[in-house]
Amino acid sequence: MNNSQNISYQAGQAKGQAQEKGNQIMEQANNAAQSAKETMQEAGQQMKATAQGAADAVKNATGMNK
């Protein structure tokens with residue numbers, strides 16, 4: 001392998017490693033986004049349940065729940 005071929009090989013290796021690193025970073029970002037989405041959905045469900053509980057408490061206190 002001459003020097004030019006060696007340099008081309010090393011450049012190809014570096015390109016492949018950079019692409020793999022990019023793929024890993026994108027996967028980590030995707031996982032973080034999915035986790036954030038799930039966390040927000042759970043928070044929304046908790047807020048909805050809290051609001052429903054408050055509304056029911058008001059209805060019970062005012063006798064509107066009968």
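At 56% relative accessibility, Gln46 counts as exposed. Here buried means under 20% relative accessible area, exposed over 50%, and partly exposed in between, with a 1.4 Å probe and protein chains only. Gln46 is found in helix α1. Its C-alpha atom is separated by 24 Å from that of Thr62, 16 residues apart along the chain.

The model is predicted: local features need pLDDT of at least 70, side-chain atom pairs count only at pLDDT 80 or more, and totals for chains, interfaces and linings use all residues. Residues are numbered from 1 along each chain as its sequence is written, and side-chain values use heavy atoms, with hydrogens and water left out.

The secondary structure of the protein chain comes to 1 helix and 0 strands. The radius of gyration is 28 Å, well over the 11 Å that the globule rule gives for 66 residues, so the chain is more spread out than a compact globule. This radius is taken over C-alpha atoms, and the rule is 2.2 Å times the number of residues to the power 0.38. Along its principal axes the C-alpha trace spans about 90 × 10 × 5 Å.

Helices (H or I, at least four residues) and strands (E, at least two) are DSSP runs, numbered from the N terminus. Helix α1 covers residues 3-62. At 1.5 Å a residue, its 60 residues should span 88 Å, and its end C-alpha atoms are 88 Å apart, which agrees. The expected span is 1.5 Å times one less than the number of residues. Asn2 caps the N-terminal end of α1, with a side-chain oxygen 3.1 Å from the backbone nitrogen of Ser4. After α1 comes Gly63, whose phi is positive, near 75°.

Asn31 also lies in helix α1. At 47% relative accessibility, Asn31 counts as partly exposed. Asn31 and Ala18 are 13 residues apart in sequence and 20 Å apart in space, C-alpha to C-alpha.

Of the 66 residues of the protein chain, 0% count as buried. The chain exposes about 5,800 Å², and carbon and sulfur atoms supply 54% of it. Accessible areas come from the Shrake-Rupley method with a 1.4 Å probe; for residues, only the protein chains shown count as cover.

Terms used: A polar contact is a pair of N or O atoms within 3.5 Å; within protein, one must be able to donate a hydrogen and the other to accept it, and residues adjacent in sequence count only if both atoms are side-chain atoms.
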